[in-house]
Amino acid sequence: MTDTTAVGTLNTVTWWEIPVKDLGEAQTFYGTVFGWTFEPFGEGYAGIYSDAAMIGGLSQAGAEDGGEGVRVYVNVADIEATLAAVEANGGAVKTPRQEVGGDMGWWANFTDNLGG
């Protein structure tokens, strides 16, 4: 039996996004390189489309996000327990649990035990 929730299988990547310094310039770059198209999805955010499917997002990076690289989102059964496990294993919680909005769930940000 597979553990699943409304958004997919537990402990798997369910979303990804790229923090960028210039949303317009990034859309030009990634559109040219990969043929992706984009649609605004709130302030400072654009959904990435391959054909008709939204596959990820570009987010306007703040000063603290510069050079951070691609963010991946993992579907977990209990975000608080997962964050506790991160800390118990040498990682650090950078952003505690935050609501995504629109009944889309919760997110948090952490670094692993090596700071990545």
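Predicted model: local features only at pLDDT ≥ 70, side-chain atom pairs only at ≥ 80, totals over all residues.
User: Which residues make up the largest nonpolar core?
Analyst: Ile-18, Val-20, Leu-23, Ala-26, Tyr-30, Trp-36, Phe-38, Ala-46, Ile-48 and Leu-58, 10 residues in all. A nonpolar core here is a set of buried Ala, Val, Leu, Ile, Met, Phe, Trp, Tyr and Cys residues joined through side-chain atoms within 4.5 Å; buried means under 20% relative accessible area, exposed over 50%, partly exposed in between (1.4 Å probe, protein chains only).

User: Which element gives the largest share of this core?
Analyst: Helix 1, with three residues. Helices (H or I, at least four residues) and strands (E, at least two) are DSSP runs, numbered from the N terminus.

User: And what does Leu-58 touch?
Analyst: Leaving out residues up to four places away in sequence, its contacts include Ile-18, Phe-38 and Gln-27. Contact means heavy atoms within 4.5 Å.

User: Switching topic: where is Asn-11?
Analyst: Asn-11 sits in the loop between strand 2 (8–9) and strand 3. Its phi is positive, about 60°, though it is not a glycine. Asn-11 is exposed, at 60% relative accessible area.

User: And Asp-51, buried or exposed?
Analyst: Exposed: Asp-51 has a relative accessible area of 76%. Asp-51 lies in the loop between strand 5 and strand 6 (53–60), and has a positive phi of about 60°.

Terms used:
Residues numbered from 1 in each chain as written. Heavy atoms only, no water.
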